[in-house]
Amino acid sequence: MRSATLILLLFLFGNASAQTCSCEKEFLHVKQFMEHNYAGFRDKLKRIGKKDYKQKAGELQQLSKTAKENCLLIISQYLGIFKDNHIQVSAAFDFTRSDSAYISSRQPVGISEEKIEALRRSTTTEGIYNFNFDSAYTIAVYEDKTPLHDYVGVIIDSKLPSWKRGLIKFEAKQVSDNLLKGTLYIRNHMPRVEWFFLGKNSIGGDWQREGTKRENIQGAYQPVASRKLSGKTLYIKISNFDPSNYKRIDSVFKANEEALKSMPYLVLDLRNNGGGSDFSYTPILPYISTGPVKNIGVDVLATEANIAGWKKLLSDNDIPEKSKRSIEAMIGKMEANKGKLVNIADDETDSTYKPLPYPQKVAVLVNRGCASTTEQFLLYAMQSSKVILMGENTDGTLDYSNMRDSSFSCMPYTLHYATTRSRRLDIGQGIDDAGIKPDKFLKPETDWIEEAVKILEQ
């Protein structure tokens, strides 16, 4: 694997005798792959408009003809046309390796001392920032509107010899008032797709404005957690529905079985749970169900690449054998209907669970960090008379789902994309972009757990 990675890096950067990977070639590979394999492509094309899509993709392709280290940024912006968080790119290289020829080829930008001093006085996003973790870098962040970025972060001081003054550390487009998206050049100078959340004096959590203190982050991350909030209310937190977390979720519900069957109220905290796999939330269902639940099915786009992606799941040890049998049956349908959207989950009414007397009410805490499988769980939970959704709208990333992955043609990155399409879209019940609305909105400045207990126990 390391040898293959080094070869890829040489293809990409600096080795004149091995220039087989041009940015335009990679751009066209990703574009053609998405047009053929992304389950949402036809719907998105209608929404964007063929003319606008062709124009935007054409502009980015033109930029790819002369692109160097910012090729990943161009591809990321192409994928951003679809406005689907189930389309992602991850690095597939050894983070500890570097290519000296590529590093030497990077050209610094000029930044004057007068500009730096002006940025030190800035009260906007622009300013001077230090790297939080080891103070290895100091960067100047300033607005620089081009077709590829709105802001850049440029090195003005570094403890690392390979990071010279003027080298770009990140470049990003503004997505909203408090969010940027672009590429971060990591320690070995390789680019990585990154979201940058804008705080009052921070960028992305990694960069702190010079002369300000980093905000304390309360509490360590826990995959699952539980505690009694009062004599009446039990609290359970689930940070993700990843297959690897299923056993922990199952264990926490078994460990609290006595309390769940005797305490009247449950607070289920799903904030910032970005999803995972549907089977991971099955231990919760008996405690929230109050009657039959309607499920609207999905179709999978049957292509060679998508079939190969689903076959990979059969070797995943975290997936139960029962689920693997279902995947095998689905693959059989796909192979018999290549090029089509294939029904792999019928619309159905689920009457599996009989209502339990306790808990009597369940408050489910949700926020913008809830997405994908978590939203699928919420569509189930919303049909229960026990459940009250509290917090804020969810992310809205579910209409196109079941992500699979595929390697880029020659750059060391992996594309993650959606292979299924919900038939909720056909009846006007799509949630992408809007998210799922809570029954009770909670103010950001309040303690949501305390608010939930007040509402449940009033």
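How many residues does the hairpin that joins S5 to S6 pass through? The hairpin runs through 2 residues.

This is a predicted model, in which local features need pLDDT of at least 70 and side-chain atom pairs count only at pLDDT 80 or more, while totals for chains, interfaces and linings use all residues. Residues are numbered from 1 along each chain as its sequence is written, and side-chain values use heavy atoms, with hydrogens and water left out.

**Stop 1**

Select residues 168-176, which form strand S5, and then residues 179-185, which form strand S6. Helices (H or I, at least four residues) and strands (E, at least two) are DSSP runs, numbered from the N terminus. S5 and S6 run antiparallel and are joined by 6 bridges; two strands pair if DSSP finds at least two bridges between them. Phe170 stands opposite Leu184 of S6. Because 7 of the 7 residues of S6 are buried, this strand is largely enclosed by the rest of the structure. Here buried means under 20% relative accessible area, exposed means over 50%, and partly exposed lies in between (1.4 Å probe, protein chains only).

Leu179 has Phe197 in S7 as its bridge partner. The hairpin of S6 and S7 has 5 residues between the strands, and His189 in the turn has a positive phi of about 80°.

**Stop 2: the cavity**

Select Glu194, Trp195, Phe196, Ile203, Gly204, Asp206 and Trp207, which line the largest cavity. S7 gives the most to this lining, with 3 residues.

**Stop 3: helix H3**

Select residues 41-48, helix H3, where Phe41, Asp43, Lys44 and Leu45 are buried. The buried residues of H3 pack against helix H2 (23-37), helix H4 (50-64), strand S19 (400-407) and strand S20 (413-422). Gly49 follows H3 and has a positive phi, near 100°.

**Stop 4: Ser98**

Select Ser98, found in the loop between strand S1 (88-91) and helix H6 (100-105). Is Ser98 buried, exposed or partly exposed? Ser98 counts as partly exposed because its relative accessibility is 45%. Leaving aside residues up to four places away in sequence, Ser98 touches Ile103 and Asn188; contact means heavy atoms within 4.5 Å. Finally, select Thr212, which is 114 residues from Ser98 along the chain, with 33 Å between the two C-alpha atoms.

Technical notes. 1 Å grid on protein atoms, 1.4 Å probe; cavity = no way out; pocket = protein on both sides within 12 Å on 5 of 7 lines; lining within 4 Å.
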